[in-house]
Amino acid sequence: MPSTSTTYGTITSNPTTFPSHTKHTRRPWPELFSLSSFCLPISAGDAKARIKINLSYFRVNYVIIALTILFLTLLWHPTSMIVFLITFIFWWFLYLFNDNPVVIFNRPVDDNVVLGVLSFATVLLLVLTHVGINVLVGLIIGVVVVGIHAAFRGTEDLGFPGEEEENGLLSVVGSQPLRPTSGYNRI
C-alpha cells in the first residue's frame, strides 16, 4: 500500500492529462480590474504584446464580458434573447465552466476550436432572428472594450502557473527566506 504521508521540502509535479493546449480558466475579477496594474503602453509594439498576453491569460473573463455586452444589445428583442440564452447554455457547459477539454470521438478538441465554433454558432443563430445590426454593434463594442482593457492593463504582475517547471528553473526571487533573518550576518 502506498504511503499517504507528505514529505515537506520536496517538489512534486503532477503530470497533466491535456495535450499541447493550455487549460483555460476564469481568473479572479479583482485581478482583472486591479487599478494598480493599468498604465499607458510605451509603444504600439508594447500594446500589441500586452494584448496578446492579456487575451491568453484573461481569455474566459473576456469571453464573459463580450457575451454580456452582446446580451445587453438584445434587451428589446425577446426572441433573440431566448436564442441567446439557449446558446449560452452551450457556452456554459462547453467552455466557460468546463475544466476538462471537450472530447469528440475519443479525441480532445482544442480550446480555440471550441471557442470558434461556439462564437460562429451564436452569431449565426442570432442573425437568423433578424437582429444582425444589434449583433454587429454588440460585437464591435465588445471587441473595443476588450481591446482597450488588454492594451492598457500591464502584464508584469501576471503569474503563469507552470512556466518555471517548463523551463526547468524554479523562481526564487520574491520567495520567503528559509529561516528568519535577524538583521546581521554571521561570519
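Which residues lie nearest the centre of the second largest pocket?

## The second largest pocket

In this predicted model, the second largest pocket is lined by 20 residues, and the ones that lie nearest its centre are Tyr 62, Val 63, Ala 66, Leu 115 and Ser 119. The volume of the second largest pocket comes to about 450 Å³.

When the lining residues of the second largest pocket are sorted by class, 12 are nonpolar, 6 are polar and 2 are charged. At least two residues of the lining come from each of four helices, namely helix H2 (44-57), helix H3 (59-72), helix H5 (111-127) and helix H6 (132-152).

## A nonpolar patch on the surface

The surface carries a nonpolar patch with about 1100 Å² of accessible area together, and its members are Leu 35, Phe 38, Leu 40, Ile 133, Leu 136, Val 137, Ile 140, Ile 141, Val 144, Val 145, Ile 148 and Phe 152.

One of these patch members, Val 144, is found in helix H6, which is also among the helices that supply residues to the lining of the second largest pocket. Val 144 has a relative accessible area of 45%, and it therefore counts as partly exposed, because this class lies between buried, under 20%, and exposed, over 50%.

## The chain as a whole

The chain contains 7 helices and 2 strands, and, read along the sequence, these elements follow the pattern α-α-α-α-β-β-α-α-α. The chain has 187 residues, of which 28% count as buried.

Note on methods. Residues numbered from 1 in each chain as written. Predicted model: local features only at pLDDT ≥ 70, side-chain atom pairs only at ≥ 80, totals over all residues. Heavy atoms only, no water. 1 Å grid on protein atoms, 1.4 Å probe; cavity = no way out; pocket = protein on both sides within 12 Å on 5 of 7 lines; lining within 4 Å. Points joined across faces, edges and corners; volume = space filled by probe spheres on them. Nonpolar A, V, L, I, M, F, W, Y, C, P; charged D, E, K, R; others polar. Patch = residues over 30% accessible without salt bridge, like charges linked within 9 Å, V, L, I, M, F, W, Y side chains within 5 Å. Areas by Shrake-Rupley, 256 points an atom, 1.4 Å probe, with all protein chains shown as cover. Salt bridge = Lys/Arg side-chain N within 4 Å of Asp/Glu carboxyl O. Buried < 20%, exposed > 50% of the residue type's maximum accessible area, 1.4 Å probe, protein only.
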